Amino acid sequence: RTLEIKLLYKEKTPENIIAHSKAVCNKAMEIASHFENVDKDLIKKGALLHDIGRSKSHGINHAIKGVEIAKKYGYPQDVLNIIERHVGAGITENEAIKLGLPKKSYMPQTLEEKIVAHADNLITGDKEVGVDFVINKWKYKIKNPDENIKRLIKLNEELIKPFEE
């Protein structure tokens with residue numbers, strides 16, 4: 001077991017979330033394999049820890065809780081950023097305010113952050129799904145899905161489309 005998996009257990013993260021995190025890690029590593037200049041170790045740590053906050057909350061604030069937990073274990077800012085910015089295809093400052101999150105942008109910035117966020121989108125439970133499945137799910141789950149779906153499609157076009165056969 002990696003240190004990150006041990007931490008998920010130590011924080012009493014539910015088994016289904018640990019299985020999800022492992023599947024997200026595998027998908028993220030698959031996406032990362034298409035890029036030369038990515039920090040694969042960072043992606044692995046960020047993917048495994050992206051939902052550690054679900055040990056405390058299953059709400060939209062699980063990313064913020066996750067940052068607090070990872071900070072406690074001394075993780076560097078680049079890992080914290082992945083955890084904080086992994087929700088959906090990112091959350092803008094205005095969306096954050098409406099969702100009751102601290103006022104700031106939660107948009108993935110780096111390639112590593114984008115890869116983990118998108119790998120998370122493409123894994124439901126511990127099973128891989130297509131981007132069309134995610135779009136349909138968001139249409140019913142999110143209040144104003146249009147902007148979120150546009151960002152999802154943009155991430156998919158950046159990270160997946162160029163490498164599809």
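Does Q77 count as buried, exposed or partly exposed, and what is the relative accessibility behind that label? With a relative accessibility of 49%, Q77 counts as partly exposed, where buried means under 20% relative accessible area, exposed means over 50%, and partly exposed lies in between, all found with a 1.4 Å probe and with protein chains only.

The model shown is predicted, so local features need a pLDDT of at least 70 and side-chain atom pairs count only at pLDDT 80 or more, while totals for chains, interfaces and linings use all residues. Residues are numbered from 1 along each chain as its sequence is written, and side-chain values use heavy atoms, with hydrogens and water left out.

**View 1. The whole chain, with its helices and strands.** The chain has nine helices and two strands, where helices are DSSP runs of H or I with at least four residues, strands are runs of E with at least two, and both are numbered from the N terminus. Along the sequence, the pattern reads α-α-α-α-α-α-α-β-β-α-α. The radius of gyration is 15 Å, close to the 15 Å that the globule rule gives for 165 residues, so the chain is as compact as a globular protein of that length; the radius is taken over C-alpha atoms, and the rule is 2.2 Å times the number of residues to the power 0.38. The C-alpha atoms fill a box of roughly 40 × 35 × 25 Å along the principal axes, and 51% of the 165 residues count as buried.

**View 2. The largest nonpolar core.** A nonpolar core is a set of buried Ala, Val, Leu, Ile, Met, Phe, Trp, Tyr and Cys residues joined through side-chain atoms within 4.5 Å. The largest one holds 42 residues, of which I31, I43, L49, Y75, I115, L152 and L159 touch the most other members. Among the elements that give two or more residues to this core are helix 1 (3-10), helix 2 (15-32) and helix 9 (145-159), and the largest share, seven residues, comes from helix 2. Leaving aside residues up to four places away in sequence, I31 touches I115, A119, L159 and I160, a contact being heavy atoms within 4.5 Å.

**View 3. Helix 4 and Q77.** In helix 4, the residues H62, A63, I64, G66, V67, I69 and A70 are buried, and what covers the buried residues of this helix includes helix 5. Just after helix 4, G74 takes a positive phi of about 80°.

**View 4. E11 in its loop.** E11 has its place in the loop between helix 1 and helix 2, and with a relative accessible area of 8% this residue is buried. When residues up to four places away in sequence are not counted, E11 touches I52, S55, K56, I69, K72 and Y73.

**View 5. N156 in helix 9.** N156 lies in helix 9 and is buried, with a relative accessible area of 5%. Its contacts, again not counting residues up to four places away in sequence, are with H118, V131 and K161.
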